[in-house]
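Have the structure open as you read, and follow along topic by topic.

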Amino acid sequence: MSSINELSSILGKKKVFFFDLDGTIYLGNKLFKGVRELIEILHEKELPFFFLSNNSSKSTSDYIKKLNDLNLNVTINNLILSQHPTIEYLRSKNYKRVYLLGTESLKLEFQQEGFTLTDINPEIVVLAFDQDLTYDKLVKTSYMLQGDLPYVATHLDNRCPTEKGYIPDAGGIAALLFKATERMPKVFGKPNKEMILFKLRELDIEPRDAILFGDRLYTDIKMGHEAGIITCCVLSGETNIEMIEKNQSYQPDFIINGIWDILEILKK
Ligand SMILES: [Mg+2]
């Protein structure tokens, strides 16, 4: 692990910045200090930046609304959500009839993307962070998964941080279904490195010229490692120093208290 001075010396050379959202940029609806200023600096320096989130309980347009309600000057071009690689996959395989375990907000996005959402003879089951989950939906999904119907998930985070504490996320829903069906889905969100590599290819930027900030070792930091990107763990979310010391598998290159720590470095 390297010091803040070393971070200071490499940060100015990076051509693209990736930031996790929950626990890195905000917690629930509480924006961390320094975030607005950070975005202004990145805009001024014309440095591309992206917010990444596995949290598929919201559609892309709801995310834009949330970020703009927080007075962040961002567009759809600054967002990478776990439903994006999932939708790309469905398109690449020509799936049209989907059983989506997801919120009304996400359902609308899938419909706008041209998919038919149905529980009658779907071609694939897609599991997302369904905050409208009911026992009836679990029963339906269990029946569908008893054959060999393709089964994918936007992401499999175990838990989601909120202002009041952790709540069960898509990984918990998948675990529940696994108990009944012994099937686990193919996953597209973090830590799948494609979530970030497809964007680097688009921008024609090498992984070594990128930096990723995130609060979680088993998604953000793992993905960064696998994509060959420098990683910086923020201590404003799920991970504390003891967890980093104990976890030998995914050690971040840098650790900072929060995103505000990089402001002074970037202003130079
Ligand atoms: Mg996070």
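Just after α8, D204 takes a positive phi of about 60 degrees. Please keep in mind that this is a predicted model.

**Helix α8 and its surroundings**
- Helix α8 covers residues 194–203, and its buried residues are M195, I196, L197, K199 and L200.
- An α-helix has 3.6 residues a turn, so residues three or four places apart point the same way.
- The strands that the buried residues of α8 pack against are β1 (16–20), β4 (49–53), β5 (79–81) and β13 (210–214).
- Helices are also partners of these buried residues, namely α4 (83–92) and α9 (217–227).

**The magnesium ion**
- Which residues supply the protein donors of the magnesium ion? They are D20 (OD), D22 (O) and D215 (OD), and they lie 2.1 to 2.2 Å from the ion.
- Along the sequence, the spacing of the donor residues reads D-x1-D-x192-D.
- Distant parts of the chain are linked here, with D22 and D215 193 residues apart.
- D22 sits in the loop between β1 and β2 (26–27), while D215 belongs to the loop between β13 and α9.
- Both D22 and D215 are buried.

**Helices α6 and α7**
- Two packed helices are described by the angle between their axes and the distance between the axes.
- For α6 (residues 135–144) and α7 (residues 170–181), the angle is about 50 degrees and the axes are 10 Å apart.
- That angle is why α6 counts as oblique to α7.
- On the α6 side the contact is made by L138, T141 and S142, and on the α7 side by I173, L176, L177, A180 and T181.
- By type, the residues of this α6–α7 contact are five nonpolar, three polar and no charged.

**Helices α4 and α5**
- Where α4 passes α5, the crossing is right-handed.
- From α4, the residues Q83, H84, I87 and L90 meet L106, E109 and F110 of α5.
- The α4–α5 contact divides into four nonpolar residues, two polar and one charged.

Notes:
Residues numbered from 1 in each chain as written. Predicted model: local features only at pLDDT ≥ 70, side-chain atom pairs only at ≥ 80, totals over all residues. Heavy atoms only, no water. Buried < 20%, exposed > 50% of the residue type's maximum accessible area, 1.4 Å probe, protein only. Helix = DSSP H or I, 4+ residues; strand = E, 2+ residues; numbered from the N terminus. Contact = heavy atoms within 4.5 Å. Axes fitted to C-alpha atoms, helices over the stretch in contact; angles between N-to-C directions. Parallel < 35°, antiparallel > 145°, perpendicular 65-115°, else oblique. Nonpolar A, V, L, I, M, F, W, Y, C, P; charged D, E, K, R; others polar. Donors = N, O, S within 2.8 Å, 3.2 Å for Na, K, Ca; no water. Left-handed = near helix turned anticlockwise from the far one by under 90°.
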